[in-house]
Amino acid sequence: MPRKVLIVEDIATNRIVLNVKLSSAGYDVVQATSAEAGLAAALATQPDVVLASARPDKMSPEQFLRAFGEHPQLAKLPVIMLMEGYNPAARLKLLKAGAADVMSHPPKIGALLARFRSILRRHDSREDALLTERMAQSLGFSEAPSGFVSAAQVSVTASAPTRAKAWCAALSTTPDCLIQPRDDTQLLNEHTGASPDVLVVEVQADAPEAGLCLLADLRAHPRTRDAGLVAVLDRPLETLYCDAMDRGADDVLPHGFCPIELGLRIRQLATHKKRNDHRRAYMHEGLRAAVTDPLTGLYNRRFAALKLAQTVADCEATGQSCAVMAIDVDHFKQVNDVLGHSAGDTALIELAALLQHSLRPEDLVARIGGEEFLVVMPHTHHGHAQEVANRLRAMIDAHPFHLASNAPLHHITVSIGVAVQEPCQHRERTNPPDRAEALIASADAALYRSKRHGRNQVTMSIRTAA
């Protein structure tokens, strides 16, 4: 689906030229002839980016930008302002009013398309924002706090160390930021400590490759790929501007170092980074909640079934066995009836910890029911599975459970059913998820036999072939 650009321009010739160039580049173009019409068109069409002339209209360019920023449906929409000539004071005024960038009018199409690509790489899609909002509501999370929880970590790299230090000194009054000079070796070789929020890289026209390669390396490095990147050019060259954007820069200062503009860019990128970090935390917490049991912290049945299906497929491919243990607490209802449900929860939590600490790192432990657990053991043959099950049963039988502050130590026993998937040269027609469910069913059947024959024992299922 093509990206949509809204052009807000009162001169028909300029609109036609921009429309032709952007349409030929694959963009879906919407046009408006005034600032007021532009706001209405933005609401009606929901473009991905707005390209607007900075000429005064019934509302000034600054009022136009503020109208976007104050509208809940348009606040995060990037707006690029086009300004005739180079006026540093007017440029800063527009950036402070909320412009994503200020470019020359008429724009050079190569630079404009490079800027679009950079903006769209990091611009939050409406779908992502909606997904995050829904996840936050379902998990009961609050929105990210305004401002910075802690100072943004900013690193400045220049071709000359003295220049990097001078830039840091000029930026020292930037609010909520800790700015320090770093060389490229430090940035790329560090593997510990806090990851930087924003990185500033000088790119020199006479020897651009060093700065451009550093931008690309920083964008790809695990510690810095999510950070904001600002390239500072020492000369306003279109090719250098495009290269910096396409190597990973989020923002480019084409006219050299300007502490006011750079400080503004740093704060904007740091805010964006914090918001994305918060969003990733939402996503990670949502994924964790979807696959874990809230009481014990173990994986739940859904994840265990998926993991077992993958284990079955992997073992089949390598010609190895895997095993499943179904574990159920004996007479658990008596614990709840005599000591209360709080004691029962304590027993399950302590039992979960025992199981986790008594198995290999590659084994998976899940809680799949009230007092029932499942253990998935890859690369495990029949004899080893039986040995481990007997060891777990004996360990739990001997373990004193402390279930209530005023109650004596309690002893708990478990019944275990074990099923083993043996390797086979011939692939069955059933798929791994079906074989995984069949394996769980076999372990459950063995568990019920343990229950029927007196509990506190291990029963092996009939061997099955993969």
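Reader: At what angle do helix α12 and helix α16 pack, and how far apart are their axes?

Author: Two packed helices are described by the angle between their axes and the distance between the axes. Here α12 (residues 301-318) and α16 (residues 432-452) pack at about 110°, with axes 8 Å apart. Angles of 65 to 115 degrees count as roughly perpendicular, so α12 and α16 are roughly perpendicular to each other. This is a predicted model, where local features need pLDDT of at least 70 and side-chain atom pairs pLDDT 80 or more, while totals for chains, interfaces and linings use all residues. Residues are numbered from 1 along each chain, and side-chain values use heavy atoms, without hydrogens or water.

Reader: Which residues of α12 and α16 meet?

Author: Contact means heavy atoms within 4.5 Å. From α12, Leu 308 and Val 312 are among them, and from α16, Leu 439 and Ile 440 are included. By class, that contact has 10 nonpolar, no polar and four charged residues.

Reader: How do α3 and α4 pack?

Author: Helix α3 (residues 61-70) and helix α4 (residues 88-97) pack at about 20°, with axes 8 Å apart. That makes α3 roughly parallel to α4, the term for angles under 35 degrees.

Reader: And how many residues does the largest nonpolar core have?

Author: In soluble globular proteins, nonpolar side chains tend to be buried together. The largest core here has 39 residues, and Leu 22 and Phe 116 are among those with the most contacts inside it. Helix α5 (residues 109-122) gives the largest share of this core, seven residues. Buried means under 20% relative accessible area (1.4 Å probe, protein chains only), and core residues are joined through side-chain atoms within 4.5 Å.

Definitions and conventions. Axes fitted to C-alpha atoms, helices over the stretch in contact; angles between N-to-C directions. Helix = DSSP H or I, 4+ residues; strand = E, 2+ residues; numbered from the N terminus. Parallel < 35°, antiparallel > 145°, perpendicular 65-115°, else oblique. Nonpolar A, V, L, I, M, F, W, Y, C, P; charged D, E, K, R; others polar. Buried < 20%, exposed > 50% of the residue type's maximum accessible area, 1.4 Å probe, protein only.
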